[in-house]
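User: Could you take a close look at one part of this model with me? I would like a connected account of how it is packed.

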Amino acid sequence: MTARIVGIGAYVPETIVTNHDLANIVETSDEWIYSRTGIKERRISVKEETSDLAAEAARRALEHAGIKPAELDLIVLGTSSPDCNYPSGACEVQAKIGAVNAVAFDVSAACAGFIFALNIVQGFFKAGIYQNALIIGAETLSKVTNWEDRSTCVLFGDGAGAAVLKNDDCGVIDMLMGSDGTMGDFLKCKSRTLGNLLTEERPELGFTEMNGQEVFRFAVKRVPESIETLMKRNQMSKEEIKYYVLHQANERIIEAAARRLKEPMEKFPMTISKYGNTSTASIPLLLDDMLKKGMLKQGDKIILSGFGAGMTWGAVLLEWCI
Ligand code: UT7
């Protein structure tokens, strides 16, 4: 048995912040941002928290799947920007959508969070423990962005995407995940610093800090490597893969991956220009976009691939069975 995607949903906040808007607050330009990243604009949340975005994406995915919230056994939310330290975002979503019979928890794997969530569900399904699951990638990274740091504030955006999964006989074919904590400093957002009754300092909140070039180098190596591993392991030729659905971090990373795989850019759909890097939400947002454009057909083989802070990475080979 395996995880079959039976519904996809997405939701982004309505406020659009363009590169030109950002050029008014930091020393940057539309030309610099677009040529280095492929980003034109991003959505920024004004009122909605991560769990609000996640719950709306979840409702849409459930509607698409034709499944009622009460039928869900499991909710796994990938996020690095939850509303609270506790309760988990997944529990908040459970309450918001009325998934009264589900067990719910978050997974922290940064931009690889959606892939990790999918693979966790796959494990439960293979063990026969659950039948219907909801996975979500949702972020309000805008709240952990240093809006004075031009090297990071131009990259990220807010949004959410979700998938409903059924334990079935068609869907995920193979998957892999990896982590390397020794690279943790490449991309980091510290939580509240230590500060308590025994310390002189008061707690401070951290913001996203990044060594962009190291992350770039890591991504252009790991992404094609994991895709090739999955193809080799399953004796799958490049011709059999319809699309590579990559985490939308930077158009140049996607182009570099395509070059290494010797595959044409048409097989790498993108939403980066309109949403920026939405971390764990980027893969389901892209799947939703592809679905709306009629790009995904029953029987298509696709590979999803995500990477992010940790460093973490993961990839999934699946057959589209909606
Ligand atoms: O989900 C994973 C998240 N992270 C990533 O995927 C990040 C991966 N890395 C990248 O995408 C790229 O490294 C960046 C887009 C972040 C940066 O591009 P780069 O080509 O590596 O630029 P750089 O860091 O080498 O900076 C080049 C120059 C520097 O100026 P000097 O030192 O050459 O004078 C920067 O200060 O560009 C400057 N710069 C900017 N200029 C205008 C950095 N940010 C900006 C900016 N606007 N926003």
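User: Which residues in α7 meet which residues in α8?

Analyst: Happy to walk through it, with the reminder that this is a predicted model. On the α7 side, the residues are F216, A219, V220, K221, V223, P224, I227 and E228. In α8 they meet R252, I253, A256, A257, R260 and L261. Sorted by class, this contact of α7 with α8 has 10 nonpolar and four charged residues, with no polar ones.

Now for the geometry behind that list. Helix α8 covers residues 251–261, and its axis and that of α7 come within 9 Å, crossing at roughly 45 degrees. Because of that angle, α7 counts as oblique to α8. The crossing of the two helices is right-handed.

Strands of a sheet pair through backbone hydrogen bonds, either parallel or antiparallel. Here, four strands form an open sheet with mixed pairing, in the order β8-β13-β12-β11. The edges are held by β8 (172–179) and β11 (243–246); each has a single partner strand, so one side of each is left without a neighbour in the sheet. On average, neighbouring strands of this sheet are turned by 10 degrees against each other, direction ignored.

Within the sheet, strands β12 (residues 301–308) and β13 (residues 312–319) run antiparallel and are joined by eight bridges. One of the pairings to look for is L304, whose bridge partner in β13 is V316.

Back to α7 itself: this helix, residues 212–233, packs on the sheet and touches β8, β11, β12 and β13. The direction of α7 makes about 150 degrees with that of β12. Helix α10 (residues 282–292) packs on the sheet too, touching β11 and β12. The direction of α10 makes about 140 degrees with that of β11.

The domain assignment divides the chain into domain 1 (2–169) and domain 2 (174–319). Their centres, taken over C-alpha atoms, are separated by 14 Å. The contact between the domains takes 47 residues from domain 1 and 41 residues from domain 2.

If you return to the view with one thing in mind, follow α7: it meets α8 through residues including F216 and I227, and it packs on the sheet, touching β8, β11, β12 and β13.

Conventions. Residues are numbered from 1 along each chain as its sequence is written. This is a predicted model: local features need pLDDT of at least 70, side-chain atom pairs count only at pLDDT 80 or more; totals for chains, interfaces and linings use all residues. Side-chain values use heavy atoms; hydrogens and water are left out. Two strands pair if DSSP finds at least two bridges between them. Axes are lines fitted to C-alpha atoms, for helices over the stretch in contact, and angles run from 0 to 180 degrees between N-to-C directions. Contact means heavy atoms within 4.5 Å. Domain bounds come from an automatic or database domain assignment. Angles under 35 degrees count as roughly parallel, over 145 as roughly antiparallel, 65 to 115 as roughly perpendicular and the rest as oblique. A crossing is left-handed if the near helix is turned anticlockwise from the far one by less than a right angle, and right-handed if clockwise. Ala, Val, Leu, Ile, Met, Phe, Trp, Tyr, Cys and Pro count as nonpolar, Asp, Glu, Lys and Arg as charged, and the others, Gly among them, as polar.
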